[in-house]
Amino acid sequence: MKTYLVTGAAGFIGANFVKYIIRKHQNDVKIIILDVLTYAGNLMTIKEELEMDNITFIKGDIGNRTLVDSILEKYDIDYIVNFAAESHVDRSITNPRLFLETNILGTHTLLDAARCNWLTGKGTDGKPSYKPGKKYLQISTDEVYGSLSKDFDKPEPLHITDDIKSVIKGRDKLQTFGENFFTESTPLSPRSPYSASKTSADLIVEAYYETYNFPINITRCSNNYGPYHFPEKLIPLIIKNILEGKKLPVYGKGENVRDWLYVEDHAKAIDMVLDNGRLGEVYNVGGFNEESNINIVKLVIDTIAQIMREEPKYQSQLKNITLENIDYNLIEFVSDRPGHDMRYAIDPSKIARELGWYPETTFKEGIKKTIYWYLDNQWWVDSVTTGEYQKYYNQMYDNR
Ligand SMILES: NC(=O)c1ccc[n+]([C@@H]2O[C@H](COP(=O)([O-])OP(=O)(O)OC[C@H]3O[C@@H](n4cnc5c(N)ncnc54)[C@H](O)[C@@H]3O)[C@@H](O)[C@H]2O)c1
């Protein structure tokens, strides 16, 4: 039975990863969650999991060395999966320092504590050796590669090579806005304080492999979407604003392109890298699913309107707006984010080739599932936006 230390698991992807692992391994796994509960961390997201005997929640900072040491002392951790981060680019523009502290120094604290705890001595090759089966996995992002050019105004059909075939598994009508894709050997070229902090963290993680022979992997994923996404990010924000009859803010002209991946497919990739990733390697994770922001917004508008027409019960969720007014007139173009990267597109053929990973959820299915989830779980959105979950935390953990 493996024991995981999952940091930042009260946030979007970490929580979805914990749910995935529990579904897959049931009781045959032990998970320690370490999360400081920033505005983005929400215990309501992992309410059911917190009641399980094999899950332990610890409120704390990955940058607190004494705390991290004590966790490693107490639990025999096999895998550390570091999701904990400040993750919102806009916030990094207003407060870069916090990003450097959490994303770089926090990562280093975790990494170094694990290096000391897992060290056993020296191998026959003279390099440091560690307790067997241990691994540190850094959850990184495609944003470390900077921005790709958008070569076509209108998407063109994706040229399907043999490598791509194994990733897309029969999906058709795939499109791209450019000639180039990020591979693991693309030079790192971050352009926002957020991506610069994530890049620095990746470099220190790689340095620990090279210098100390410390067992690591790094995954770099494209934009995730799905349940439990904090409503400051594009897709949940658009859903929330439509339901509240508010304008839908779109940066610039909405031309920026992202590669979208359903969060469960990211969780599957992480699980595969933990179990079978070659030590020291970086794996890109993405779905060959490029779309411009403006088209994403239009798709969400169309899908919500269609669901409301077909299932009128959901119309009761509309505030200050009626079904007839759910249309593109809600879109409001706002001045662009400074240094806004134009296009991200991942080539995930290495993880497909080496580990057999491919995304199982098509974008059409994933976006529908996501919208239904938000329609059926408005209590969650209310809880994260009103701070209701803070009360839940106090109820659960005060006086313990
Ligand atoms: N969301 C995406 O599309 C995406 C894509 C690629 C990579 N990533 C990376 O995946 C990771 C998770 O992203 P997310 O979208 O789930 O983020 P999120 O903002 O939803 O969650 C981050 C979590 O980390 C916790 N946290 C923050 N600072 C902490 C600290 N000092 N100590 C302990 N916990 C702390 C927060 O409370 C929160 O629960 C991040 O490292 C991010 O860079 C995200």
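Trainee: Is Lys2 buried, exposed or partly exposed?
Mentor: The burial classes rest on counting the other C-beta atoms, placed from the backbone, within 10 Å of a residue's own: 20 or more make it buried, 12 or fewer exposed, and anything in between partly exposed. Because Lys2 has 16 such atoms within 10 Å, its class is partly exposed.

Trainee: What kind of model is this, and which pLDDT is needed for its local features?
Mentor: Residues are numbered from 1 along each chain as its sequence is written. This is a predicted model, in which totals for chains, interfaces and linings use all residues, side-chain atom pairs count only at pLDDT 80 or more, and local features need a pLDDT of at least 70.

Trainee: Which residues does Lys2 touch, not counting those up to four places away in sequence?
Mentor: Lys2 is found in strand β1, residues 2-7, where strands (E, at least two residues) and helices (H or I, at least four) are DSSP runs numbered from the N terminus. Taking contact as C-beta atoms, placed from the backbone, within 7 Å, the residues that Lys2 touches are Val29, Asp78 and Tyr79.

Trainee: Which residues touch the most other members of the largest nonpolar core?
Mentor: Such a core is a set of buried Ala, Val, Leu, Ile, Met, Phe, Trp, Tyr and Cys residues joined through C-beta atoms within 7 Å. Leaving aside neighbours within four places in sequence, one of the two residues in question is in contact with Gly14, Phe17, Val18, Ile31, Ile33, Val81 and Phe83. Of the 91 residues in this core, those touching the most other members are Val6 and Val81.

Trainee: Within what arc do the buried residues of α12 fall?
Mentor: In α12, residues 363-376, the buried residues are Phe363, Gly366, Ile367, Thr370, Ile371 and Tyr374. They line one face of the helix, because the arc of their directions from the helix axis to the C-beta atoms is within 130°.

Trainee: Which exposed residues does α13 carry on the face turned away from its buried side?
Mentor: The buried residues of α13 are Trp380, Ser383 and Val384. They cover an arc of only 90° around the axis, which puts them on the same side of α13. The face turned away carries Trp379, Asp382 and Thr386.

Trainee: Which element gives the most to the shell around the ligand?
Mentor: The ligand is surrounded by 31 residues, the closest being Gly8, Gly11, Ala40, Gly41 and Ala85, where a residue is near if its C-beta atom, placed from the backbone, lies within 6 Å. Elements giving two or more residues include β2, α5, β7 and β11. With 3 residues, the element giving the most is α1.

Definitions and conventions: Expected span 1.5 Å × (residues − 1).
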